[in-house]
Each structure stands twice: as C-alpha cells, then as structure tokens.
Amino acid sequence: MSSLSRELVFLILQFLDEEKFKETVHKLEQESGFFFNMRYFEETVTNGEWDDVEKYLSGFTKVDDNRYSMKIFFEIRKQKYLEALDKRDRAKAVEILVKDLKVFSAFNEELFKEITQLLTLENFRDNEQLSKYGDTKSARGIMLAELKKLIEANPLFRDKLQFPSLKNSRLRTLINQSLNWQHQLCKNPKANPDIKTLFVDHTCGQPNGARAPSPVTNPLMGTVPKAGGFPPLSAHGPFQPAPAPLPTSLAGWMANPSPVPHPSASAGPMGLATANNAAAILKRPRTPPTNNPAMDYQTADSEHVLKRPRPFGISDEQVNNLPVNILPVAYTGQSHGQSSYSSDDLPKTVVMSLPQGSTVRSMDFHPVQQILLLVGTNMGDIMVWDLGSRERLAIKNFKVWELASCSMALQTSLANDYLASVNRVMWSPDGTLFGVAYSKHIVHLYSYHNGDDLRNHLEIEAHVGSVNDLAFSYPNKLCVVTCGEDRFIKVWDANTGSKQYTFEGHEAPVYSVCPHHKENIQFIFSTAIDGKIKAWLYDNMGSRVDYDAPGHSSTTMAYSADGTRLFSCGTNKEGDSYIVEWNESEGAVKRTYHGLGKRSVGVVQFDTTKNRFLAAGDEFLVKFWDMDNVNLLMTTDAEGGLPASPCIRFNKEGILLAVSTNENGIKILANQEGIRLLRTMENRSFDASRVASAAVVKAPAIGTFPPANPAVGTSIGDRAAPVAAMVGMNSDNRSLVDVKPRIADESGEKSRIWKLTEINEQSQCRSLRLPDNLTAMRVSRLMYTNSGFAILALASNAVHKLWKWQRNDRNITTKATASVAPQLWQPSSGILMTNEISDTNPEDAVPCFALSKNDSYVMSASGGKVSLFNMMTFKTMTTFMPPPPAATFLAFHPQDNNIIAIGMEDSSIQIYNVRVDEVKTKLKGHQKRVTGLAFSPVLNVLVSSGADSQLCVWNTDGWEKQASKFLQVSPGQAAAPLADTRVQFHHDQIHLLAVHETQIAIFEASKLECLRQWVPREASGSITHATYSCDSQSIFVSFEDGSVGVLTASTLRSRCRINPTAYLPPNPSLRVYPLVVAAHPSEPNQFALGLTDGGVCVLEPLESEGKWGTSPPLENGAGPSSTSGAAGSDQPQR
C-alpha cells in the first residue's frame, strides 16, 4: 500500500473516531495494522476481554513472530489460565491449557509441565513463584505494565504506537476543498449551491441570473470546535457551514476575517483582477495556505500523482515555500540544511565604519549587488554606499520635486520646517528601484542604474502626516505598499504612481506593513502603534485578521527568507520588547525568544538571515538567536559606540551586517565569507583606479547603453564601484570615507596600455572538472540551482545529473566553487531523472528544462513528454504535453507558477495553465521552432526567439504580439538553417541579450531596438552559447574552438579570452568544446561549461586576480558602434 493510501486510512480512523464508530475504528486499526491503539488495548486487558485482546493483537503480530510476541501471548494466556483456576473452573482451565498454552510446549516443555501441575493444587498460590499473586485486578495491572514494555520493545510495533498529528476533522476539510475546487471549475457557479451527494463530482445547473462570485470554503459538514485563534468566517458561501464554530488557523491568519469587516474604500482603479479569486482561496477555514486543491506536491508521491485523474497545478507557495521537512533536504539557497549553520557563520567582525553626518534611520542592502548599501537618515538624506571601495556613490537630500502639486497641508508643513526624516528605505526585488518613506506625507521612488546613476522616478503624496513604512509587492504588477499616521494602508502602482487600493480599519497610526504571498494569494499584514495586527487581501472586503501583538507593542513583522516562518519584534509604550515566532496554522505565538532588555529605549529593530538566525539591536548590542532556540545565542557590541536600540540590516546572503552607531555612522560587520567578498571588491576597485583617467568621471550604467561616442570613462561593468571621488547627486560634495588615496606609481601608469587578458594555462585560473561516474553524453543544457549550491545538467541521452557541494573546512558556505569538488548526487533509491524520449532520433530532439524558484522541482523534456521531477527524490511527479509537437523550451511565468510558456517544435508558443491542465492560448509568430523564452515582470512582456533568427515580444496581459524583428546577419556569415537563438534579460528587466551563432546583440526589449551588436572573429568559430553574469556586468561567451570570452556587458568589448588549454587536458584526437555556459547566481565571476564529451567544468579567476581581466579604456571618445561594424574593433583583439 502506498504512503498516501496509508495516510488515507489514518484520516478515516480520525473520522470514525469523531463520529463515535468505536467498534469500527478498532476493527480498521486491527485490519490495517497501521496504528496500535494502546488505550483500547489497556481497556480490553483490564476488563479481561481476552478474545478481543488476542483478536486485536492478531492484526499486528502472531505468536511465533519473535520472542517479544511469544512472551506477549504467553503472559495473556497464562493470566487467563490463572483466573480460571482462581475461580475453581477447572474445566475452563483445562481448555485453556490444551488450546492456548500447549503451543508454548514446543519452545519450553519444562515450563508447560509446571503450568500443567498447577491443576493439581488446591490453590495455585501454593506454588512458590505464584505466592505473591494477589487479586485479579492487581494481577491484570502488573501484567499490563509488562505487556506495554514488551510491545514498545517489539520491532513489529515500531512506528505504530503514535497516531499522526492531524488537525480536527481533516477528512472533512479535504472534502470541502474538493467541493470548492469542483465549484470553481463550474461554468456557471451558483452563489449557494445545493450539495446533495459526494458520489459524483459537483456541478451547478444552468445559470439563472448573474454570475456568482468566486466561492469561499465554508465546511460542508460539521467540524469539531477548536479553542483560540481568530474569529470565524462569515457564513455566506456556496457550501453551508455547520452550526459548530469554525476552527481557525493562519490559513487562520488569512482565512478568518472579522465577523463584520471594517469599511474599506478605494480611490483608484481596481485593476488587480486576481484579487477575487485569491479571496476565494483564502477564505478556506481550515486549509493551510500551502495546500493546492488541484494537486499537493508537498505530500504527493509519484504513484499518487500518476493515478490522479484531476489536472495538476503548481502554486507559488509550492514552488517557493515548500515545508521545512522537504527544503532542508534539498539544496535551496536559504534553507540548505539548517543544522549546517553555526554561530561562526554570523557576521561579527567589524570591517569598516562609514560616516553619515546624521542619525541613521533605515538601511537596506541591494538584492543583487550585495555590497551596495542604501541608507536613510533623520535629516532626510539618502545615500548609496559601495562597501567594496568604501565610497559613497550617490546622495540625495530631502526635496519635494513638485511642491506646487502638493496639498496645502504639506505646503504649510514644509513652509514651517523644510525638513523630513526618513522612516524607511527599501530596494525593489530586482534592485532597479528603491523607495523612501518620509515623515511628512511623501514617498519617493528612485530608479537605480548602477554607479552614481540615480534618477527621480515617482513622487507620491501618500498619507496625511508621517509615512511610517513602505514595502514592495507584486499582486499582478510591481506595487508599493505604504502606511501612515492617518491610519490608512495604501497600494500604489510602482510604474505610474496611480493608487490601486486604500485599506481602512486601524484605530491608531499604522506602524508597519509586511506584504507576502501564499499559494498565489497575495496579502498584507499591517501593525499599528496600539499593538493591533490586521491582514488584508487586495480587495475591498476589509481586514481578515484583528489580533493583538505581544504586549500591545509597536511591531514589525518579517518572514524568513524562504517564506515559511513568520516572526515579529516590537516594543510597547512601557518599553517592554518582544520577539516571537508565529504559528501560522493556529494564528498564535509559537515561541517567544528570551534576552531582550527591559525598558528599551525606542522600538527594537530586528532582521532574519539564512532561515536560521534572528538579530535585534538592543541595549547597545546586537543580539542573535537561533530560530529554533528561544535562548539568546550570542551578542556583540561591535567594538562599542552603538546606540541603545541600533538599526540593523543583513545583506541577502547574511554574510554582512550593517549597524548604526552613536556617532552618526554605520559599522559593517562580516563573517569570513563577507571579508573575502570585500577583499575581492577592493581588488576590483584598485584595478579600475589604474585604468581610469585622473579626472572624476561618471561611468555608464549597466542598465543603460551610452551613445556611439560616449564620454571618456570606465564602464561600471569593469569594476565594482566608481573610482576616486564621487560628486553628490544634489551638488552636495559630502565627505567620503576616511580612506587613504591610492596613488598610481609608474607601473600603474604603464598598465594604462591595455592588453586583452589571455588565459592559456591551468595555473592562470581556477578550473574544476566535476566528477562523473555515469555514462558520458554531450551536455545539452546546464544551469546552477537558484541557491548556487548545485549544478544541474541535462545530457543528450535525456538523463539529468546533479552535483552538490558539501560543507567542509574548505567550503563553509556549501556554494559551488572551483576550489572544492562536489558530489554527483543521487537519492538513496539510486534512480535517475530521465526524460521520456520520442520515437524520433534522439539527436534530433531539442532538450529543455526549467527549475522552480526554490530548486525543489525541475520541468524537463527531451523530445518526448514534458516531465516534472522532484529534485529531492528524483521521482517523476507527472508528465504532460505528449508530442507531436515536442516542447523545445520551457519558462515559468515570474508571478504565477501555474502558468508555463512552452516553446514548441511547430514554431508555436503554448501558454499552459497547469492548475486546470489547459492551454490558455497559443502564440504564433515564428516560422521555425522556438529556441528561447524570457519573461520581464517590469515590462510585462514575454520575449521569444526561434531557429528562424527572429525575436518576438508578447504582452503578457492579453498575449498580443507587440513587436518582432529578425537578427541582422552580415553578408558572408552563413547561419545554420536551424541555428538556436537564445534570449535573456539583463537584471534591469528592460534590456535583452540575444545570442546567435553569428553574433551577440543587446536590445531595448519593448520595441526591440538594437543598441549593441558584437560579431566574433572567424578563427574562434561559431558562438555556441552565451549568458549574463549574475550581476549583468559581464557576458560569458563559448565558442566552437573551445575558447570562452568574457565581454563587458555595457560596451560589448572583450576583456578576457580563456583558451581550452586552460581547462581541458591535451587530447589531439578528440575535439571537445563547450555547448552551453551557465553563470553562478551570486558569484559574478564564476561560470560552468557543459562540454561535448559529457563533462562539466567550473571556472573562476585566481583569488589574487578577483575577476576576468580588465576592460579596455574608451580612448578619444571612441566606443563600439551600435551596428555589426562594432565587432570590427574587437576582432583584432580576440
């Protein structure tokens, strides 16, 4: 019986027990043999119901199974025999002796004879061994204690003595979910359907009026009341609720609105079309947010999925936030083996101090370039610091951009005091924008284009009074959520500034907001200074939660990096501070951490990192906790000088920690990995300073592309930070960090004579060929996992290979590296992830795969059906899309993991909804097979590329084609008839890299305007593949001659050439070259190559170098052209 069938038995047992079918419960326990009910066993033994005792035991063991079982049956039958003797019922005693006890004579004949002799005694107590036998009740009690010990020691009862932990009425809950899912699939759903049977799928009759709203999930059957939690759901829904009060959970947090919703108004367009459907899902009273009614990958094994006739689906929650019993076993970035972290991983070493000039109020590290720190102060200043060079890249002072457009209240306030404090700074998820919340009405959004290129994007008068917090969210487009002194929460379009929603219901100023999502359900937590916590969907139905923070404190809330655990930290008016973890399934505090001081000064701030640690600034210290231990782990004073409640912030990897100081500054703390990162960046800055002109120059941003003849300067792609000094953004020439200037000596001057870096020998770089004991077949597809802890390859024989780096003294981070060999990983079952192959020639198949965001699932095809694999077990979860036509490229929609774009062999693109197992639309625009797909959530477009060398842009709102263009192939450059064209977005999500065997081109994606084009020299052969580095500052290009080129992304100029002799052993008889190149997701100078001989190599520059070569200076204002002629300048250098 499969594990899911076994679990179904437990659900039925729970149901029978709740319905008081006692005899049936124990009958099923006995017949299934899954759960030994010790309480029932004790009861039957105590009552002397010996036939029932043995019958129940027979479901779990037999007399001769083992010595424990033999002893159990012997003790029971001996007790039955003695009781018959004690009643002077010799006939009964003889019957028991012959029928029940004689079986033991074969094992111990002497014992059987001794038992038989008891028949000759007037009172069996005359036997010395039985002289202490008391009355029947006490004798049964003594025997029962012995039996329990025997049962617990018996291996046959192992794992059968504990009933699994289930929420009340779990089977009812699943039935209700199924009915609601069926109702959602109805073509004409009624508002209050009449459910008459469970024997067939539910369908609503013909429509008799307006379309019903999306369903909510009130129970069909009665449920057992449960104490605590939040108020129950409103009773209105398609399935009638039971009279009993509903249990609550954090489905609870989101599933249980207040009985009377607070008023809510919206002053903007209601453009978030998915909100109603999300609300329908949210209102399931007992459903954890991670459950998908169509398919639950968290519990489904392959047998269950393949047998299931219903369509399958992948929710955001399942792709992003799988439960912790799955994720730590996998190798996702945040949750890889929690126990592998120790306090040594915490950033505790002070590595630098940065002067601010005013008190730091808020900080945030860039999500991609993790050495960039955004800071806001009490004087309204915002600054961007580069920690690698210790330079302040940019500064903006508080200034209202359009004062005349502001309300009179704001104008009056500014007339009296033209100053505003920064309450919050935050980067957008991709780092292209950041938001600033001020203490006076205003929110500013800036667009960031790297270096000092900081541009005004939006000014929003968001609230009356102080704007206390802001955060970015993505209900169906990038939005900014704000809250304020006026007690409102508001949602704004981050591109246009138009107001989307206004949430009203708090009775005190709103202190913080925390947007999050579960199972495609977007919601917002908000907290107020009176200690109230509320939660909102993107609709107008009022708050779904009304709850008290611990101690009625002003609280901030934050999820762990993987989104599975919720924490809050706050301080109340009396100065008492609390840091707690919430139980999302109950809507209650799960654990309260100890160690915060009494009578805190100000509100304690906190942060989380690595899915493992919490940190808070308190009592002039930074305090750390292990998330799984309520006791304080350790503290640091950061060498002194901290305020009573310092502001703190981890970078994304948790290797750096910024802490505010008393002296209007910031201290940066680092662990060993952070120290190495900063040293590498310092080396970069030094290299850049040698090739820059002596003058203060601005560098073109990687997100924008300069004109054909840019001004003299260096590219931001060549360094981590600008060189020398940097002028303030508002002509405010503030002081830089106190760092001694680097003086270029004669050797530095000579280095200005630029030369392409050539790497010819293995000693000139770090390279590692990954170990492989499987059949070597050419590597068709290659990628790093999103965590950077592993590499996944797909070979031409349809077999996947997975290499994982293990934690050891040489690699404490477990990240992929060329310095330590990984393990070719397989599950204990030994199975391989192997795609189905069609009847056609495997060489003609076009392999493709796409990885889920949390690295737990891979969707893959090799000419046959598309397969979904569990990356932990390698099991095939399901297959779909049988050819013809075959899938040739796969891409998950960035906001909805139920939507997959599938490029096809027949040149079409199918937009496939996995939740309902349906092709939503089919896009036609290519003339040959589709070879590349890339989504941009910023532009709301899908860009496709094909073997026809054509690029197409599709609007993801309506899937209309908005642009198309063929790549311009120069005369004399004959391309193969089915040459792959690949596309990849720059991390600004606006510029697009197109890779063809004849060229590399950079486009502005929305209009497909070609900004740069690069053509390789003929000697290198055709381009086989290319990709952006993780920071989009470099492009790694592989060639048919085995070489790899490194280009500066913003200029498409070569700066390094790695020849095959640097990473391949000499073998004249075998021509080996890379077919695919993959960039590490967080190490900008590491990449991997998939080779024609089946090998995979990881390459990194030497630690002493820190990067791949240096970029050529742009002399005399001459730069590469935006046409194919641009390649000419590079060809002699390559």
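The model is predicted, so local features are described only at pLDDT of at least 70 and side-chain atom pairs only at pLDDT 80 or more, while totals for chains, interfaces and linings use all residues. Residues are numbered from 1 along each chain as its sequence is written, and side-chain values use heavy atoms, with hydrogens and water left out.

Strands and helices here are DSSP runs, numbered from the N terminus, with at least two residues (E) for a strand and at least four (H or I) for a helix.

Strands of a sheet pair through backbone hydrogen bonds, in either a parallel or an antiparallel sense. Two strands count as paired if DSSP finds at least two bridges between them. Strand 15 pairs with strand 14 (residues 510-518) in the antiparallel sense, over 8 bridges. Within this pairing, S512 has T527 of strand 15 as its bridge partner. Strand 15 is also joined to strand 16 (residues 532-537), again antiparallel, by 5 bridges. Here F523 finds its bridge partner in L537 of strand 16. Strands 15 and 16 form a hairpin with 3 residues between them, and G531 in the turn has a positive phi of about 85°.

Elsewhere, 4 strands make an open sheet in the order 1-28-27-26, with antiparallel pairing. Strand 1 (349-355) and strand 26 (648-650) stand at the edges with a single partner strand each, so one side of each has no neighbour in the sheet. On average, neighbouring strands of this sheet are turned by 20° against each other, direction ignored; such angles are taken between axes, which are lines fitted to C-alpha atoms (for helices over the stretch in contact), and run from 0 to 180 degrees between N-to-C directions. Strand 1 and strand 28 (residues 665-670) run antiparallel and are joined by 6 bridges. One of the bridge pairs is V350 with L669 in strand 28.

Side chains also meet through charge. A salt bridge is a side-chain nitrogen of Lys or Arg within 4 Å of a carboxyl oxygen of Asp or Glu, and by this rule the count comes to 38. One of them joins E31 to K27, with the closest N and O atoms 3.5 Å apart. Both residues lie in helix 2 (residues 22-32), 4 residues apart, about one turn of the helix. E31 is exposed, at a relative accessible area of 54%, whereas K27 is partly exposed, at 36%.

Another salt bridge brings D772 and K801 together, their closest N and O atoms being 2.6 Å apart. This pair links distant parts of the chain: D772 sits in the loop between strand 30 (765-769) and strand 31 (779-784), and K801 in strand 33 (residues 800-804), 29 residues apart. D772 is partly exposed, with a relative accessible area of 30%, while K801 is buried, with 5%.

Terms used
Buried < 20%, exposed > 50% of the residue type's maximum accessible area, 1.4 Å probe, protein only.
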